Amino acid sequence: MSGPAGLTWSLRDRTPADLPVLADAVAPDGEESGEGTGGGVGTGKGVRVCVVDSGVEPDHPLVGPVQGSWAVARDPATRELVVLPDSAGDTCGHGTACAGIIRRTAPDCELYSVRVLGERFTGTGDMLIAGLRWAVGQRFDVINLSLSTTRTRFLDELHAIADDAFFARTAIVASAHNTPVESYPWRFSSVISVGSHQEDDPRLHLYNPAPPVEFFAPGQNVRVPWLGGATIRTTGNSFATPYVAGLCARILSRRPRLTTFQLKSALYLTAANVQVPSTPTPEAPDDPQH
């Protein structure tokens, strides 16, 4: 039985043989943790990562090539929001910073950009929704969203988009707000939510045993690319998020069939504070003759 848009609601008149799934294993082996990129394995190769932000400066030396750039704009005739090809680059530096962290973490990934912010970080919830919905529709593997909105009127629509991405195997990696307020979409369980830690190790990520933020990554005094080919040092959850997005790209470059919930498992298993006990050796059964 299928529901709207081909969703499966039950297995009536079908058997498990009708639902073959070819899957990749989720097992920590060192590569997913970001330790080394040798051998062309686990470097993000073949993975499409989209930065939904303020745009990305083209040809920044710490970002490299951007395979495609678009921007959300208002159609002058209909006044509706549309997504159009864009060559303006970055309006305020924030998107370039995020793209540079992703490139540093997953150097061989394909980078794309959707601009939803203008100068001085201006933007609206409607523009965020339009850009995010479009990016999900393009079936990118990973979407970096170092943005959120506190406006509850956007909650339901953002929630629906996040769920669509989750079931379509598009991992939205979303930044938690820098202050303890309710904002979205990072609060949704269908996204991978990220905050920052203060440790010195630039390759350390941690699992949060007390969500809603699920993971912590380097986000304090981080060196990032900025406008004009420059670099700055900056702090915030915005800059921890692309590190985790890069880790997701590295994992998917090795195991492209993973679902978003499996990606979360891989991030969990490779977090520095998660200790996986070794499997105990089974005891020999008692000999009934003794």
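## A salt bridge between R115 and D86

In this predicted model, R115 and D86 form a salt bridge, with 2.7 Å between the closest N and O atoms. The two residues come from distant parts of the chain, 29 residues apart. R115 belongs to strand β4, which covers residues 110-115. D86 sits in the loop between β3 (81-85) and α1 (94-105).

Both partners fall under the 20% limit for a buried residue. R115 counts as buried because its relative accessibility is 16%. D86 is buried as well, since its relative accessible area is 19%.

## Other salt bridges

The whole structure contains four salt bridges. One of them joins the side chains of E157 and R133, at 2.3 Å from N to O. E157 is part of helix α3 (residues 155-167) and R133 is part of helix α2 (residues 125-137), so this pair ties together parts that are 24 residues apart in sequence. E157 is partly exposed, with a relative accessible area of 37%. R133 is also partly exposed, and its relative accessible area is 41%.

A further salt bridge links K264 and E214, whose closest N and O atoms are 2.9 Å apart. K264 lies in helix α5 (residues 260-270), while E214 lies in the loop between β8 (206-207) and β9 (215-218), so the pair ties together parts that are 50 residues apart in sequence. K264 counts as buried because its relative accessibility is 13%. E214 counts as buried too, at 16% relative accessibility.

## T260 in helix α5

Helix α5, which holds K264, also contains T260. T260 counts as buried, because its relative accessibility is 2%.

Leaving aside residues up to four places away in sequence, T260 touches F166, R169, T170, A171, S190 and I192. One of these contacts, F166, falls within the residue range of helix α3, 155-167.

A disulfide requires two cysteine sulfur atoms within 2.5 Å. For C98, the closest cysteine sulfur is that of C92, and the distance of 9.6 Å is too far for a bond.

C98 counts as buried, since its relative accessibility is 0%. C248 is likewise buried, at 0% relative accessibility.

## The protein as a whole

The protein has five helices and eleven strands. Among the helices are α2 and α3, which carry R133 and E157, and α5, which carries K264. Strand β4, which ends at residue 115, is one of the strands.

Of the 290 residues in the protein, 47% count as buried. Among the buried residues are T260, C98 and C248. The accessible surface of the protein is about 14800 Å², and carbon and sulfur atoms account for 52% of that area.

How many of the contacts between residues at least 6 apart in sequence join residues at least 24 apart? The share is 71%.

Conventions: Residues are numbered from 1 along each chain as its sequence is written. This is a predicted model: local features need pLDDT of at least 70, side-chain atom pairs count only at pLDDT 80 or more; totals for chains, interfaces and linings use all residues. Side-chain values use heavy atoms; hydrogens and water are left out. Buried means under 20% relative accessible area, exposed over 50%, partly exposed in between (1.4 Å probe, protein chains only). Helices (H or I, at least four residues) and strands (E, at least two) are DSSP runs, numbered from the N terminus. Contact means heavy atoms within 4.5 Å. Accessible areas come from the Shrake-Rupley method with a 1.4 Å probe; for residues, only the protein chains shown count as cover.
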